[in-house]
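Welcome! Please have a look at the sequence and the 3D view below, and then we will walk through the structure together.

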Amino acid sequence: MEEKVHEKIHWADAKAAQVPSDAPQRVATGITPSGPIHLGNMREVMTGDMIYKALLARGTEAELVYIADDFDPLRKVYPFLSDEYQKYIGWPVSDIPCPCGKHKSYAEHFLKPFLSAIKELDIHPRVIRTSEAYRSGMFTEQIAQALIHAEEIKEILERVSGRKLEEGWTPYYPICGNCGQISRAQILSHDIENHTVTYKCPCGHEGVSDYSKGEGKLVWRVDWPMRWATHGVTVEPFGKDHASPGGSYDTGKLITREIYGYKEPVPVTYEWISLKGKGEMHSSKGVVLTIRDMLDIVPPEVLRFLIAKTKPDKTIAFDPGMGLLRLIDEYDRAERAGNSREFELSKINSPQSTIPFRHMITVVQIARDDEAVFSILERSGYEIIDREAVLDQANRAKIWLERYAPEDAKFAISETLPEVAANEPANVKAAVAAYAAAIKDGEWKADVIHNAVYDAAEAHGVTGKDVFTAVYRAFLGADRGPRLGWFLEALGREETLARLALME
Ligand SMILES: [Zn+2]
Ligand SMILES: [Zn+2]
């Protein structure tokens, strides 16, 4: 078999090479759906997906799972929540009502849009909801083991993390039958046969918790390695906060080996994504760009490309303004070259628009409606392959202009001849008239229309810049605009000549 030769091995292939290629592999990713799932979290899922695809490319049997940690408690009332949520602090997010009233739970409210967004990104994991796994009894035996070995686990946690745990600490937190919180209740007794514990909650309530029914959960640092063993995870990307010395990966490694007899997954630590000028993205701080916000402006393959071209351990400073246009240009170059691993890992099997995004930005500012978008594109010689894909791209361009574009990328065609154009000096007006005459019968092609400016200017003793400025003023009332030839080509001969005639 012939293998493709790549100059440098891609990070996803390098990770895939760290596991035995002849044994089935399971790549796990997962997030606590406690708030809007933003681009920083997205990196985790895309990182996992690329390693998964790299494993398949090696001929390794592999599965991608997405573990939604929806059994985790709500930590605080986030800025995007009403004060009413105060009473749900400590409750599993799967049991809290959804903020909009349209979803089954608080967790689903954030999970649903995220799961549909990753579909658009061509990521199709098997989704495991931790609340369902706990309540199905899937972890019963593992929780019993954690309770039986509580002292050993405590010793590992204290030794490796350097943190002192309280007297009587156990790795299992019951959901209190009175206050509903997953609290640090004191475990009074353990009945292995009936898989129950008795507990005393800090709220004062004493009760019984059946861990085969999900009436409680393991503390995060034990829960994570327990799930590696139970789900058979062999590769897992996680944020750098878990990777610090003595952190949850370090303690998890020992717990999964010593308590569950399982080897920890190959770690893939990823760095944060920051929004240029706005700092790191953490949903708890309230300033976020959600996946939906991103997919509203960035084509999915370009979002994948951003992750594919950057090693996971490098931070990404994402600039949704002009930086996005440069990123799209870079993707277009990779697409034309067609052979880079970054490109292979980015492309998506759905119809794409073939219109350059920068051109679409001009088009949507000229077009009065969707039909006009198509007629402008046809006038400029573009072949429309998929109307739906073109309209999606047009919408992304409109949203980008609305939310992120710098002022000088925007323009508006004025309804009538602007005052400033009417007041041009006579020799400039004469040059514009000569320009209009030249393009009236010439070929209606962007570069021809563009270059005709220079002859007209020269013939009337003015500079090319004088004519460019005058024509921009005639249409936009501004001294600058999109590249003139391409702009007028898109606008059409008739409309162009009608406006220039007003200057005479
Ligand atoms: Zn909702
Ligand atoms: Zn309680």
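Four donor atoms surround the zinc ion (ligand 1) at angles of 99 to 124°, which makes the arrangement tetrahedral. For four donors, that word requires all angles to lie between 85 and 135 degrees; four donors are square planar, and six octahedral, if opposite donors are over 155 degrees apart and all others between 65 and 115, and anything else is irregular. Donors here are N, O and S atoms within 2.8 Å of the metal (3.2 Å for Na, K and Ca), and sites may look incomplete because water is not among the atoms.

A word on the background: this is a predicted model, in which local features need pLDDT of at least 70 and side-chain atom pairs count only at pLDDT 80 or more, while totals for chains, interfaces and linings use all residues. Residues are numbered from 1 along each chain as its sequence is written, chains are lettered from A and ligands numbered from 1 in the order in which they are written, and side-chain values use heavy atoms, with hydrogens and water left out.

| Zinc ion | Protein donors | Distance | Spacing in sequence |
|---|---|---|---|
| ligand 1 | Cys 98 (SG), Cys 100 (SG), His 103 (ND1), His 109 (ND1) | 2.0 to 2.3 Å | C-x1-C-x2-H-x5-H |
| ligand 2 | Cys 176 (SG), Cys 179 (SG), Cys 201 (SG), Cys 203 (SG) | 2.2 to 2.3 Å | C-x2-C-x21-C-x1-C |

Cys 176 counts as buried at 4% relative accessibility, while Cys 203 counts as partly exposed at 37%.

## The chain as a whole

Stepping back, the chain has 21 helices and 13 strands. These are DSSP runs numbered from the N terminus, with helices (H or I) of at least four residues and strands (E) of at least two.

The radius of gyration of the chain is 30 Å, whereas a compact globule of 504 residues would have one near 23 Å. That radius is taken over C-alpha atoms, and the globule rule is 2.2 Å times the number of residues to the power 0.38. The C-alpha trace spans about 100 × 60 × 35 Å along its principal axes. Of the 504 residues in the chain, 53% are buried.

## An enclosed strand

Which residues of strand E9 are buried? In this strand (residues 235-239), 5 of the 5 residues are buried, so E9 is largely enclosed by the rest of the structure. Val 235, Pro 237 and Gly 239 point one way, and Glu 236 and Phe 238 point the other way. Strand E9 runs parallel to strand E10 (residues 266-270), and 5 bridges join them; two strands pair if DSSP finds at least two bridges between them. Within this pair, Phe 238 stands opposite Thr 269 in E10.

His 231 sits in helix H7 (residues 220-231) and is buried, with a relative accessible area of 7%. Leaving aside residues up to four places away in sequence, His 231 touches Arg 26, Ile 67, Ile 128, Met 138 and Phe 139, where a contact means heavy atoms within 4.5 Å.

Where can a positive phi be found in a residue other than glycine? Asp 122 has one of about 65°, and His 195 has one near 45°. Asp 122 lies in the loop between helix H3 (106-120) and strand E3 (126-129) and is buried at 19%. His 195 lies in the loop between strand E5 (186-191) and strand E6 (196-200) and is partly exposed at 26%.

Finally, Asp 447 lies in helix H18 (residues 446-459) and is partly exposed at 33% relative accessibility. The C-alpha atoms of Asp 447 and Ser 131 are separated by 61 Å, and these residues are 316 residues apart along the chain.

Terms used:
Buried < 20%, exposed > 50% of the residue type's maximum accessible area, 1.4 Å probe, protein only.
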